[in-house]
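Below is a note for a colleague who is meeting this structure for the first time. Please keep the sequence and the model open while reading the numbered points.

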Amino acid sequence: MVEIGTDIAVASELLNSGQVIGFPTETVYGLAGNAFNEKAILEIFKVKNRPKFDPLIVHTHSLEEVDRLVSEIPEKASILAKSFWPGPLTLLLNKQLSIPDLVTSGLDTVAIRIPNHPLALALLRSLSFPLAAPSANPFGYVSPTNALHVANQLGSKIPYILDGGACNVGLESTIIGFEGEEPIIYRLGGKKKEDIEQLIGPVKVLLNKSSNPVAPGMLKSHYAPRKSVLIGDIEKMVLANKNKQIGIISFKNDYQYLNPTKQIILSPEGATDEAAKHIFASLRAMDEAIDCEIIVAELLPEKGLGRAINDRLDRASIRY
Ligand code: TXA
Ligand code: MG
């Protein structure tokens with residue numbers, strides 16, 4: 001059975017011996033292995049049940065280390081890296097040959113990020129290699145934002161989870177790639193679009209919503225609980241489903257008067273940052289609650305982290 005602890009030396013030793021472990025970041029927990037060790041990478045794909053065509057993010061601890069992994073950095077990428085790393089931003093950059101094709105699913109670019117979490121940084125500094133790490137959830141499911149989430153789903157498959165407490169951001173990193181010098185947001189996430197644009201000007205958002213995308217992390221149905229998630233006007237949805245046991249996830253309003261069997265308010269103060277910290281744990285809690293058959297949720301204002309939360313709710317609500 002998995003051990004949950006805070007010992008960097010234990011985590012480091014397991015990674016050095018080619019094993020994969022759970023580790024904390026400020027966004028979500030990752031399932032980490034030596035990015036240069038193909039056996040470790042294969043194990044990550046196996047534990048997550050993830051298709052090999054879905055590439056992994058490589059985590060490191062300094063800009064000097066990033067230079068060793070990529071072949072060139074567009075000017076705007078460099079500005080973003082210097083301002084926002086460590087932080088919830090992933091850059092897609094042309095890779096050096098040292099990075100195995102398995103990590104990038106054969107692409108010429110590698111997804112890179114310096115996470116902003118003291119334990120993650122300490123762990124990365126203790127190692128002589130970067131860590132490839134997807135979110136530590138079974139493929140397609142909601143990302144984990146604390147060590148117990150990881151243990152509940154992957155505990156029988158990994159030896160150790162480095163426990164860094166609840167994630168501060170609560171949403172996966174924002175992913176930015178470049179077409180020449182033009183930046184494109186491919187995944188909305190923990191770094192706000194407004195903050196990015198303030199630094200480098202307007203940025204196009206290109207979210208893949210097909211069921212057969214180039215980068216499947218942008219699969220239309222993703223980040224999804226097992227139960228049906230309905231999005232819209234909460235009052236209307238509750239009235240239309242009177243015969244069901246309903247769990248409500250609201251932004252800031254109290255819907256207790258509708259008599260749901262369960263209700264979670266993401267941020268009574270109406271702050272999107274606060275809501276982001278709780279969205280994934282809330283979806284999990286509803287999914288696990290025996291007195292809840294369907295989940296109804298409302299969208300947030302399309303600003304700040306509201307954009308990324310809405311994106312995740314949208315993907316969670318798709319059913320084929
Ligand atoms: O916040 C995060 O980004 C977390 C923490 C652990 O760092 N990681 C994470 O990894 O969310 P994952 O694997 O769940 O999502 C990574 C996404 C996937 O959608 C993948 O398709 C995309 O990044 N990706 C990775 N490398 C890529 C590349 N070279 N080109 C395009 N997309 C890429
Ligand atoms: Mg993921």
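**Notes on the predicted model**

1. A search of the whole structure finds twelve salt bridges, a salt bridge being a side-chain nitrogen of Lys or Arg within 4 Å of a carboxyl oxygen of Asp or Glu. Side chains of opposite charge can pair when their charged atoms come close. The model is predicted, so local features need pLDDT of at least 70 and side-chain atom pairs count only at pLDDT 80 or more, while totals for chains, interfaces and linings use all residues. Residues are numbered from 1 along each chain as its sequence is written, chains are lettered from A and ligands numbered from 1 in the order in which they are written, and side-chain values use heavy atoms, with hydrogens and water left out.

2. One of these salt bridges is formed by the side chains of E172 and R312, at 2.8 Å from N to O. The pair links distant parts of the chain, 140 residues apart, with E172 in the loop between strand 8 (160-162) and strand 9 (174-179) and R312 in helix 11 (residues 306-316); helices (H or I, at least four residues) and strands (E, at least two) are DSSP runs, numbered from the N terminus. Both E172 and R312 are buried, where buried means under 20% relative accessible area, exposed over 50%, and partly exposed in between (1.4 Å probe, protein chains only).

3. R312 also meets the side chain of D311 in a salt bridge of 2.7 Å, N to O, and D311, like R312, is buried. Through salt bridges that share partners, E172, D311, R312 and R315 are joined into one network.

4. A further salt bridge, of 3.2 Å from N to O, brings together the side chains of D273 and K192. Because D273 lies in helix 10 (residues 272-288) and K192 in the loop between strand 10 (182-187) and helix 8 (193-200), the pair ties together parts that are 81 residues apart in sequence. D273 is partly exposed, with a relative accessible area of 36%, and K192 is likewise partly exposed, at 22%.

5. Which residues line the largest cavity? The lining consists of T174, I185, L188, G189, K191, K192, K193, I196, G304, L305, R307 and A308, and helix 8 and helix 11 each supply at least two of its residues. By type, the lining divides into five nonpolar, three polar and four charged residues; Ala, Val, Leu, Ile, Met, Phe, Trp, Tyr, Cys and Pro count as nonpolar, Asp, Glu, Lys and Arg as charged, and the others, Gly among them, as polar. The structure holds one cavity of 30 Å³ or more, and the volume of the largest cavity is about 60 Å³. A cavity is a set of points, on a 1 Å grid over the protein atoms alone, where a 1.4 Å probe fits but cannot get out, and lining residues have an atom within 4 Å of a point; grid points are joined across faces, edges and corners, and a volume is the space filled by probe spheres set on the points.

6. The backbone deserves a careful look at several places. Most residues other than glycine have a negative phi, and most peptide bonds are trans. A cis peptide bond joins W85 and P86, with omega about -5 degrees, and P86 is in the loop between helix 4 (75-84) and strand 5 (89-94). N49, which is not a glycine, has a positive phi near 55 degrees; N49 is found in the loop between helix 2 (38-48) and strand 4 (57-59) and counts as exposed at 63% relative accessibility. S105, also not a glycine, has a positive phi of about 50 degrees, lies in the loop between helix 5 (101-104) and strand 6 (109-113), and is partly exposed with a relative accessible area of 24%.

7. In helix 6 (residues 118-126), the buried residues include L119, A120, L121, L123 and L124. The buried residues of helix 6 pack against helix 1 (8-16), strand 2 (21-23), strand 4, strand 7 (131-132) and strand 8, with contact meaning heavy atoms within 4.5 Å.

8. G177 is in strand 9 and is buried, with a relative accessible area of 1%. Leaving aside its neighbours within four places in sequence, G177 is in contact with L92, E182, P183, I184 and Y186.

Methods:
1 Å grid on protein atoms, 1.4 Å probe; cavity = no way out; pocket = protein on both sides within 12 Å on 5 of 7 lines; lining within 4 Å.
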